Amino acid sequence: MPLDTNFTNQKFKQVGTRPLRPDGVDKVTGRAKYGADYNAPGQLIALVLRSPHAHARIKKIDTSKAEKLAGVKAIITSADLPDLTAGDRGMRDMLENCMARKKVLYDGHAVAAVAAIDQTTARKALKLIQVDYEILPHVTDVDEALKPSAPVIHNDIFTEGVEPKPTKPSNNNKRASFGHGDIEQGFREADIIVEHTYKTEQTHQGYIEPHACVANVSPDGQGELWVCTQGHFVYRNQCAALLGMDISKLRVTASEIGGGFGGKTHIWTEPLALALSRKANRPVKLTMSREEVFRCSGPTSSTSIDMKIGAKRDGTITAAHGVLRYHGGAFPATWAEFGAMTAFACYDLKNVKGESIEVIVNRPKTAAYRAPSAPMAAFAVESAIDELAKKIGMDAVELRIKNAAKQGTQSSYGPVYGPIGIGATLEAAKNHAHMKAPLGKNQGRGMACGFWFNFGGQTCCDINVTPDGTVTVAVGTIDVGGSRASIGLMAAEELGISYEDVRVVIADTSSLGHNDMTDGSRGTFSTGLATIAAARNAIKVLCARAAKMWDIPEDAVVWEDGHAKPAGTNAGNFPPLSIKEIAAAAGNTGGPIAGHNELVADGAGVSFATHICDIEVDPETGRSTVKRYTVIQDAGKAIHPSYVEGQYQGGAAQGIGWALNEEYIYGKDGRLQNAGFLDYRIPVCSDLPFIDTMILEIPNPNHPYGVRGVGETSIVPPLAAVANAMSNAVGIRLTHIPMSPPRVLKAISARKH
Amino acid sequence: MAEVHLWGALRPIVGGALSVSVEAKNIRELFKTLAEQYPAFEPHLQRGIAVSINGKIYRDTWDQALPEGAEIYLLPRIPGG
């Protein structure tokens, strides 16, 4: 029977408590095994030769000298990776991104890979590979790429979504729009209009653990892959498709993950490691250096956004219009579309339009980054709304409360909202002590709102009751932020047993049905649903076994507090049977006891947040310091509040880094200038204050516990919250992220003169 | 008959209309009929389209019913980080 996913408002015994996470001890003692911690007997070490050019035609690759080097066991180029994608553009781009074919499309694009007996030999071999390039003009800026004079990167890309269909290829692969009403009429009704172009620079997710894998393909065609990933089932499916393997023949085991944030939802080196292993007939280990992670994995888009918002003097927004240009790196993508969908989602707008323009540039293929595309759009919208409030002379929170979306509002991307939490987060912000705290010299306070969709997807779960009555839960979603603890709590809640009696593991791809990635804030929502359903199925088996032990009908048994009990006095007078007693007798009552569930989790609740930021700016140097920061977000239901708070804090920290320092810097030669943490500055603990959190719980009606996703929304407001604080601190409105000291100093100097 | 609202990228396929009327009882029939009536839908369907029915977004569930008078939006499939 399908799980009834309607919210039930039940009282909890374990959900909402804060037990220790099961992976904690291993992680703080160094026992946990990450991507690079695994080694196979006889393994080779692989390195990748990468293009130094942003855009070039590959005229010839000569590997003959490298092949003769002692210790080299295999070399591959695109010739070893035939195109098996059968017209699937997305898969073909994935293949071409893993290994360049006729052209290199960005600095760092792979052109060959070597497997050798050790790293020194592999490095020598790379130097012996000769690549003859014909250098082509390149473009790395999102606005420059749209100019008629820009070099066209793909001659088979024609803008989609416009009529008439273009006859010439361009770097704009798609246009789209969202919204409703009449924006022209809305602007005519406005008393005040704010209009700016905002820019955000490209940032990297900055996960601490570089990509790493060990591949082992046998001559019989069976393969194993140990890998750091956010989705080992998806990696398996994609690698098998690109390499012409049966999916069932490739078993993928996920390591612990040292951060992903969307950057590990995409295959990069894994097909290369598998192809090398297949060619060398040896296990192959391939680990990216930090420089490679920056140059050739998947950072987020840089953007350029035209934003126009109008309002009446009483604060009612009459129209909002955004044109959002996002690049997808060197391949067609749809990141601007998601920016246009999310941009105005916090507000109840009569006239609204978000237009998206997708851009291709000579940069690495863009990947998702935590609430992908939403932070940049929110930066533009929330900056403009803050400026609007100033011009009207209205409090910034009050203006947002006046225009906040609510249940029944038609969202700017289409559907009408059910119960949502934007209004509650704004009211909480208005009444928060942070809002009333005094500010010092050169300090300013700002706030901003953010939205993210969240989603569910394909998920399955196995629950096994072991002979001593403790329970294992096998799930297929990678634990990126404590989900094993939250899944354990939900299993314990349903079964009525102790959290300590549940062990949650991430199963390999041969042990469980397909699971989508851990992305879209879906882990606790969707795997939680599957776990609840699997536990309820296990309870049916437990009740049936108790019935056998008592020799009464199955429907005469109920499950309460971890025990089988007779349903009533007519069922018999038996003392309750514990899960341990039923498990001990399992061999005599039908064998192992288990519960399974597979589902497509739909109905993830949308999520909203409001952030408050205090910043201090040194007017002499332009350096800024975040002094206080508060995150208020709707969780639906916080299964494990500590790890919900951790998600809120982590997203805010990443957003602050994005707002103030992080930036890909390309030279005129199209090469990345700052591919390392010394020159690409992410905030560390000493850079940040304690990030305060407030969890609100407006239940998702589509989950029995009310759960919404919580992982992504927290990165959406910080860019704007910091910018608004900066504006209030020094009286300058910066429209270009990051607001690094040189940019701030330049703006302060410009104002003085 | 379901009234199906389209996001901007799909509107050129139907001559710029904001929505189309489709005879369909569930998501599978909706996709099938759209592909039959407007072949240019096919590549979008292959890439994946989400369907919002009365505000609840479905990604993969073919047999999900389209209730009479329901608010239906086709949306891009959302990525996640």
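Predicted model: local features only at pLDDT ≥ 70, side-chain atom pairs only at ≥ 80, totals over all residues.
**Entry 1. Six-stranded sheet, chain A**

I began with the strand order and found an open sheet of six strands, β7-β15-β14-β13-β8-β27 of chain A, with mixed pairing. I then asked which strands stand at the edges. They are β7 and β27 (736–737) of chain A; each has a single partner strand, so one side of each lacks a neighbour in the sheet.

Strand β13 (residues 303–311) of chain A and strand β14 (residues 317–327) of chain A are antiparallel and share nine bridges. For M307(A), I noted G322(A) in β14(A) as the bridge partner.

**Entry 2. Four-stranded sheet, chain A**

I next recorded an open sheet of four strands in the order β16-β24-β25-β26 (chain A), again with mixed pairing. Its edge strands, β16 (443–452) and β26 (691–696) of chain A, each pair on one side only. From one strand to the next, the twist averages 15 degrees.

I followed β16(A) to its partner, strand β24 (residues 607–617) of chain A; the two run antiparallel and are joined by ten bridges. Q443(A) has E616(A) in β24(A) as its bridge partner.

I also asked which helix packs on this sheet. It is α18 (residues 641–660) of chain A, which touches β24, β25 (624–634) and β26 of chain A. The direction of α18 makes about 130 degrees with that of β26(A).

**Entry 3. Helices α6 and α7, chain A**

I examined the crossing of helix α6 (residues 232–243) of chain A with helix α7 (residues 270–280) of chain A. Their axes come within 10 Å and cross at roughly 50 degrees. That angle makes α6(A) oblique to α7(A). I noted the handedness of the crossing as right-handed.

I then listed the residues that meet. From α6(A) they are Y235(A), C239(A), L242(A) and L243(A); from α7(A) they are E270(A), P271(A), L274(A) and A275(A). By class, the residues of this contact are seven nonpolar, no polar and one charged.

**Entry 4. Contact of chain A with chain B**

I finally turned to the contact between the chains, which takes 37 residues from chain A and 21 residues from chain B. On the chain A side, β7 (172–180), α9 (335–342) and β17 (457–465) each supply at least two residues. I classed the chain A side as 16 nonpolar, twelve polar and nine charged residues.

Methods: Residues numbered from 1 in each chain as written. Chains lettered and ligands numbered in written order. Axes fitted to C-alpha atoms, helices over the stretch in contact; angles between N-to-C directions. Parallel < 35°, antiparallel > 145°, perpendicular 65-115°, else oblique. Left-handed = near helix turned anticlockwise from the far one by under 90°. Contact = placed C-beta atoms within 7 Å. Nonpolar A, V, L, I, M, F, W, Y, C, P; charged D, E, K, R; others polar. Pairing = 2+ DSSP bridges.
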